[in-house]
Amino acid sequence: SSIARKRETSGFPDFLHQSPFRANNMVSTRQQQSQHPPQRQLVVPTSHIPWSVDVVHAMPRRLVELASKAVEGNAAAGWAAFTTGDGYVYAWQCTTKSLDENLEPAMSYVKMYLPELTVENGDEIHLALSASQGDAVHLYAYCQGWLWLRKLTSKDLNQHHRVQSHHAKTKIDFYSMNDDQEQVTGLQASPGLLVLSTNQGNLFWVTVTSVPVGLHVQKVQAETGFFSRLVFGSGTENNWHCENYVLPLNSTEFIALSQKGHMVQWKATITAGTAHHASFSVLAKGKLDMSSILSKGTILQATLSVDKESIYCIVRGISEGIEKLFWVQVCRFEGTIQRSEWINRFAEPSQVQNLGMMAMENQSVYAAFSHSNNILVMALLPEEEMIPELDLPPSAGPALLPHMLERDTTTHGCSVMTTFGLGLRVRYLPRDFQYAKKARYSSLSTTSSTQAPVMNPALISHLRSAFWQAYQDPATKRPLPPSLPSASAQALEMAVVNFAMELQQKNNHENPMEWHCAFVKFLQERGLYRRLSTTAKWQLLSMGQELAAFGYVVQFGHQHEDDCRAHDLAEWLLKHQEPQSSQWNAILAGLVQVAMQYREDKATAFYDVLHEPTIPLWLSHGSLQQVLKTQLQEWQDRNVPRNLAEPIATAALLSYLEHHPDKREYDQIQRMAISLLRSLNTDETEELAFELCIKCKYFEGLCEMSIDHEKKRDSANFSLDPLFESMQAKDVLTGYTFPQYVLQWHTDRGLYGHAINYGRQAPNDLALLMKHDEQLRKYKWIPAVQQGYFERATESCLDNAKNTTMSLKEQQFALSMAKLSNMLCVNQDKTRQKLIDGKLDLVKAQQMLEGDDESAATKTPVELVRIAIHKLQTAVSLEDRVRFATIALAVCNAMEDTATSIDYTAQVWAETLKLDEPLWDNWIKTESDLTNESLKERMMDSTVFGALLEECRIAEFSTMSKVMYGRHIESAVLDKLGSSNPLEFSRLLRSLTANPD
């Protein structure tokens, strides 16, 4: 056996040689939208796949090529080990690295050779690791009847001399105890407890003595002997192996759970008088009742909840005549099923291999499976009705090392080791983690991020002591004070925040970030960080943001000033601001850029927070906001270099976005910042301004930029259409939603076409706006047509046509649209169609009388008929007289008031008679037969009345019947004519107007 410190690259996965684990390979959030995630983030959580898979550890390079040959392995207490079945065992320490740290493979490992661990004839090897004192672990191995122990410490990794291959080993003679067919199927180790289980249902207790180091094996059986085979049968019944799962409760008690569901709680008693010999007693026994979900159930894997109250099992059996796989939660005390979930992913459960299962402190349980060359991780969570599952990506490795699924020390996820040599942190992110409700400490809303509620100083003292010991001697892993893991989540959180502030106030000028990052890393490594709320994590990030900015100031030598301190940097900036100084502007721009970049790079990778902060961060400190506001005011209407304007404008917007007690001030900041960015007049700053408008919900800026770019080649980049669905916020001043604001903004500027076009995305908002805006209301028919409401469109167009201020051209358009939409109605209104046609006739009549003047005002029917009569009276040719008379009758026909229509119709016919009055008088006096056909022909050909009568007859009778000459208007015509011989005139006209045969 020898200690190996290998640095070879052979055998390591190719992508590890490309330095994907460097911290500087992390890309920004904006870059991630268009690029693949960093290689250490194998799965980036999204709303569709709320899982994260991160590479946080890499095994020694030399072991990677051996990992695929591993036949057995185990991990516990920060150590991992595996054997290849050829007598060699390899062990190393698993040190996890956060995503923002450089990740290099472990440098050292222990290589041991044990001939007894050589696999022959299908023999199985079992490995187990158990924590000991400090950073030491006990490594146990079993094969071919030999049980072996080796104690490992970090010193073993740093030594170059040869060490013994083991500290103790012993031979277990099953033949003398039972029979030679018995085989060990499990090796369970935990602090103070080591138990072997066999295929015959027997358990063997192993006592480990320190002086001398030794292993003492004895069979677990009650003193009466009744439980010599654990009371639940032998392994021969129905050809089922009666194997047991050992679930430790403490160093002397454990539960034995058989594959058939029988449970026995054992207690071992060792006294000074009995030396290493233990006596055993049964404290409880029971049976898991699985009849409600399946028959002939077999437990494939089992683990205890952290509170020891529940047992989680993976069970395979027959349900509804089909073989199924279930995930079952059982009450440990009663054996009743509390929850069961059918794992319906697998069509052939018998082909599924369970790779491990572990319960976490937050009541979630993780299990790994292998099926059809795929590796799956599933989670059972109390708040989820279904079992979330994730297929590990191929880049993680083709397989997991056996029995290496453990609790992650930083989060409530699990850690696994792949045959690529990668240590993965796998976790499911529940809804409350991804979309945490906003909450803040009241002190953070108006003061520095370094203030928080006061708490019991004893817990802070314990935390302080534990951290400084770990910081000053990182090679030694000391246990935490019991008060820390046993403290309530709220008490621990308050202690963490207060001590983090204490570290910040110590002002480490040489490296301001060192203590803060070391403290956060300490919390993660010791399992305390995962107990913190999202708010507390954001608080720590806020402190880191301020320290990062302070570190930037340190570069300029200002840290030597008495009032420049890491915990009140914002106040110092406000006190010493010189807005007209180029040097000051450069410092401020660089400082806020560092603060923003720190959050972007560290939020997820180091602080494990997602989405928007739940509290205001340091960037939104009141004093810093005043500094940024003053600088923006100083730069209004001035040419400012881009390297200064861009970071300060961006920081101001993000600062007020996080926290703005005054809405009008926030609106002012939005206007000044966006105006400053747009004044730079580059494509990049225009796109940045648009993105910031979206992020900060500055709707006016979005509308202005969209209008400015709508006729440019990049118009698609500034389109508002995609935002109608995604933008859920309201305008900070008006309270309008995004659709409401866009419609109102364009309407106020007379851009009705834009408003109606955007109204397709928000028809209800457009309809509401049209009710209150008179100018927009006249376009109400457009969305009605778009939505197929033709009845509504017709009514809208007719309402528009009633507007007396409309021009002749506008009225003609409104009536034409009304006619078209009415024709498209399912049930056409013929009366309304006639009305529309009449109004269109009036428009045509005016055009014929006055010419096609688009700006001409619309005249009333009475005005039109008077104009027509006047033109009739002054016309010379017969053709013109008939034309003007026809127009006059058409106007009369379109009049809605019947009395007025009849009166003016009579006036028109009377005027035609007056034009040829001498002819009419001569015929009355000279013709004895007023009904002869020859006279009729002469009257029709030579008079305006006759020509008009013929014109009316050519037109459809149904449309001109109201204005046709007849007895209904005869008396009125004669009265207006004033003839001296009305009876003869009446006989003559009746003869002429009689319908021909």
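This is a predicted model: local features need pLDDT of at least 70, side-chain atom pairs count only at pLDDT 80 or more; totals for chains, interfaces and linings use all residues.
Side chains of opposite charge can pair when their charged atoms come close. With a salt bridge taken as a Lys or Arg side-chain nitrogen within 4 Å of an Asp or Glu carboxyl oxygen, the count in the model comes to 35.

One of these pairs joins R565 to D568, whose closest N and O atoms are 2.5 Å apart. The two partners differ in their exposure, because buried means under 20% relative accessible area: D568, at 12%, is buried, whereas R565, at 34%, is partly exposed.

A salt bridge is also formed between the side chains of R599 and E612, with an N to O distance of 3.3 Å. R599 belongs to helix α12 (residues 582-602), while E612 lies in the loop between α12 and α13 (622-634), so that the pair ties together parts that are 13 residues apart in sequence. Within this pair, R599 is buried, with a relative accessible area of 18%, and E612 is partly exposed, with a value of 42%. Both residues take part in a network of salt bridges in which R599, E612, E658 and K695 are linked.

In helix α14 (residues 642-658), R642 and E646 are 4 residues apart and are therefore separated by about one helical turn. Their side chains meet in a salt bridge, for which the N to O distance is 2.8 Å. R642 is partly exposed, with a relative accessible area of 37%, and E646, with a relative accessibility of 22%, likewise counts as partly exposed.

Methods: Residues are numbered from 1 along each chain as its sequence is written. Side-chain values use heavy atoms; hydrogens and water are left out. Buried means under 20% relative accessible area, exposed over 50%, partly exposed in between (1.4 Å probe, protein chains only). Helices (H or I, at least four residues) and strands (E, at least two) are DSSP runs, numbered from the N terminus.
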